[in-house]
Amino acid sequence: MKQEAATSIVVTQEDVLHHYKEPPPRREDDPPALAASLSLPSSLSEDNGDAMPQPSSYAVLPRRDGELVSAEELLLVPPLNFAMVDHGVYRSGFPDASNLPFLETLRLRSVLCLCPEPYPEANLEFLRAHGIKLFQFGIDGSKEPFVNIPEDRIREALEVILDASNHPVLIHCKRGKHRTGCVVGCFRKLQRWCLTSIFDEYQRFAAAKTRVSDLRFMELFDVSSIKHLAFESSV
């Protein structure tokens, strides 16, 4: 009997960089175990209030010497609330050890952390091993994070993002919702997005935890003093 070649399924980096709102389509010839590995966790499809969602897992199964590489060998787990903001700019929650193999595929040049706490040693070792520069602009993670925070912190963060020599760059706070959402919202103002679109993007990540103070901060943030930096970054 002629032996049929094994079917391999490859989840490309472009697939992984999607917002993870929909699971990859299931093929009719997918084995049951593989089809299950491509399912989207329910924690990412529903808002669970204060519960921290578990990151989704995508197995990459390329063919190697006629055999499939095991899913355990090449499991890529993106950080919580990971998404692509723009070419060379990403956002997420705080990466943990399980996310580092995924971050390695992004070939980052820099990480922009918005948390004031000391950066974990395991993350620092990863950054040093891959020549990734850390920028840290600590912003308090209280319920009203931007009431008394000087705008120069946000401006400094935006200067890092606008400097193409720092790309690819990952912006993150603890959960990738409020502090990261405000920085990305101000970045969108530099890109001349309308406020409706800026607020819609913020709310997709903040969901039920949307904060009026964040929306007001983004609305009132003056980008006129850094427009020249945005222009230079686009040249």
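Biologist: Among contacts between residues at least 6 apart in sequence, what share joins residues at least 24 apart?

Modeller: In this protein the share is 61%, with contact meaning heavy atoms within 4.5 Å. The model is predicted: local features need pLDDT of at least 70, side-chain atom pairs count only at pLDDT 80 or more, and totals for chains, interfaces and linings use all residues. Residues are numbered from 1 along each chain as its sequence is written, and side-chain values use heavy atoms, with hydrogens and water left out.

Biologist: Why is cysteine 186 called buried?

Modeller: Buried means under 20% relative accessible area, exposed over 50%, and partly exposed in between, with a 1.4 Å probe and protein chains only. Cysteine 186 has 0% relative accessibility, so it counts as buried. Buried residues make up 44% of the 235 residues in the protein.

Biologist: Where is cysteine 186, and what does it touch?

Modeller: Cysteine 186 lies in helix H7; helices are DSSP runs of H or I with at least four residues, strands are runs of E with at least two, and both are numbered from the N terminus. Leaving out residues up to four places away in sequence, cysteine 186 touches Ile154, Leu158, Phe217, Phe221 and Val223.

Biologist: What describes the packing of H6 and H7?

Modeller: Two packed helices are described by the angle and the distance between their axes. The axes of H6 (residues 151-162) and H7 (residues 178-190) cross at roughly 65° and come within 10 Å. Axes are lines fitted to C-alpha atoms, for helices over the stretch in contact, and angles run from 0 to 180 degrees between N-to-C directions. The crossing is right-handed, the term for a near helix turned clockwise from the far one by less than a right angle, anticlockwise being left-handed.

Biologist: What makes up the contact of H6 with H7?

Modeller: Ile154, Ala157, Leu158, Ile161 and Leu162 of H6 meet Val183, Cys186, Phe187 and Leu190 of H7. These divide into nine nonpolar, no polar and no charged. Nonpolar covers Ala, Val, Leu, Ile, Met, Phe, Trp, Tyr, Cys and Pro, charged covers Asp, Glu, Lys and Arg, and the others, Gly among them, are polar.

Biologist: How do H8 and H9 pack?

Modeller: H8 (residues 195-206) and H9 (residues 212-220) pack at an angle of about 145°, with axes 11 Å apart. Leu195, Ile198, Phe199, Tyr202 and Gln203 of H8 and Asp214, Leu215, Met218 and Glu219 of H9 make the contact. By class they are six nonpolar, one polar and two charged.

Biologist: Why are S5 and S8 at the edges of the sheet?

Modeller: The sheet is open, with five strands in the order S5-S6-S9-S7-S8 and mixed pairing. S5 (83-86) and S8 (133-136) each have a single partner strand, so one side of each lacks a neighbour in the sheet. Two strands pair if DSSP finds at least two bridges between them.

Biologist: How do you know that S7 and S9 pair?

Modeller: Four bridges join S7 (residues 110-113) to S9 (residues 169-172), and the two run parallel. Four meets the cut-off of at least two, so they pair. Leucine 112 is the bridge partner of isoleucine 171 in S9, and cysteine 113 that of histidine 172. S6 (residues 89-92) also pairs with S9 over four bridges in the parallel sense, with arginine 91 opposite isoleucine 171.

Biologist: What covers the account of S9?

Modeller: Both faces of S9 are covered, with Val169 and Ile171 buried on one side and Leu170 and His172 buried on the other.
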